[in-house]
Amino acid sequence: MSAEKDQEAYRFFGRRKGHALSARREALVRDVLPGLRVTPPKQGLLDPRTLFDAPMARVHLEIGFGGGEHLAAQAKGNPEDGFIGCEVFLNGVASLVSQVADQEIGNVRIRDEDARPLLAAMAPASVDRIYVLFPDPWPKYRHRDRRMIQTESLDRFADMLKDGGELRVASDQMFYIAWTLERVIGRPDFEWLAERPGDWREPPADWVRTRYERKALAKGDHPAYLRFRRRPRDDGGQSRS
Ligand SMILES: C[S@@+](CC[C@H](N)C(=O)[O-])C[C@H]1O[C@@H](n2cnc3c(N)ncnc32)[C@H](O)[C@@H]1O
């Protein structure tokens with residue numbers, strides 16, 4: 001990547017690379033990551049089920065997995081499901097590859113570039129669950145277009161989720177939670193799964209704490225956890241909405 005492009009990506013995503021990787025992680029990125037890497041097709045759509053060696057019961061997609069602790073634990077706990085993680089931060093990618101290698105996790109695939117071209121290529125009704133956990137908040141109003149939750153990304157999520165599939169969004173920034181609810185409430189394709197007042201203060205039963213979340217909790221912050229269900233389509237979920 002040219003210095004100019006790199007600078008552009010830096011502005012958009014924050015850091016792409018932090019401290020130097022250990023020799024072991026360098027080797028894992030060189031030797032193991034290529035076998036896990038997901039690349040959007042140049043033409044046509046991607047059926048994520050084809051990425052895995054065996055048929056997978058369900059497909060999960062995590063966008064911005066950070067250090068990959070959540071993805072690795074979910075993948076290990078659900079070996080019958082396939083997990084795709086997207087992350088641009090190389091040190092985070094190396095951390096996930098290391099967990100996958102150490103724990104011999106066979107059901108993880110990784111997009112180590114901008115998630116959005118992959119999101120654009122996902123086949124309709126092909127994903128069971130999407131996680132957007134503690135996304136970069138971009139608190140300044142002039143940067144609001146950089147937030148991962150946008151009407152356009154929600155359109156993409158609604159398209160790729162199966163009927164009854166779930167979108168999970170968590171954040172310790174209440175303005176981001178409000179931003180998300182403002183964009184989801186009233187949509188015909190998503191239903192907020194808040195069962196009782198205040199249940200968004202508690203993580204779902206199968207939750208795995210992320211690194212960012214643990215840091216927020218240690219500071220005394222109170223994250224919020226939103227779950228949205230993809231409402232059934234009228235046409236059986238076969239067409240792009
Ligand atoms: C605040 S961190 C949270 C990481 C992790 N989910 C956690 O809770 O610990 C947000 C992450 O999203 C990643 N990210 C932001 N935009 C992205 C994009 N378009 N594609 C892939 N990753 C992205 C960033 O690199 C960063 O690691």
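Colleague: Two strands pair if DSSP finds at least two bridges between them, so how do you know that strand β1 and strand β4 pair in this predicted model?

Modeller: Strand β1 (residues 59-63) and strand β4 (residues 127-133) share three bridges, and because the definition asks for at least two, they count as paired, here in the parallel sense. In this pairing, Glu62 has Tyr131 of β4 as its bridge partner.

Colleague: What makes β3 and β6 the edges of the sheet?

Modeller: The open sheet has seven strands in the order β3-β2-β1-β4-β5-β7-β6, with mixed pairing. Since β3 (108-111) and β6 (190-192) each have a single partner strand, one side of each is left without a neighbour in the sheet. From one strand to the next, the twist averages 20 degrees.

Colleague: Which residues come nearest to the ligand, and what makes a residue count as near?

Modeller: A residue is near if its C-beta atom, placed from the backbone, lies within 6 Å of the molecule. There are 21 residues around the ligand, and Gly64, Gly66, Phe134, Thr210 and Tyr212 come nearest. Helix α9 (211-218) and helix α6 (115-121) each supply at least two residues of this shell, α9 giving the most, with three.

Colleague: How do you know which stretches call for caution, given a mean pLDDT of 91 for the chain?

Modeller: Although 91% of the residues reach 70 or more, the pLDDT is below 50 over residues 1-11, a stretch with three contacts beyond near neighbours in sequence. Over residues 236-241 the pLDDT is also below 50, with 13 such contacts in the model. Where pLDDT is low, the predicted coordinates should not be read in detail.

Key:
Residues numbered from 1 in each chain as written. Predicted model: local features only at pLDDT ≥ 70, side-chain atom pairs only at ≥ 80, totals over all residues. pLDDT = per-residue confidence, 0-100. Contact = placed C-beta atoms within 7 Å. Helix = DSSP H or I, 4+ residues; strand = E, 2+ residues; numbered from the N terminus. Axes fitted to C-alpha atoms, helices over the stretch in contact; angles between N-to-C directions.
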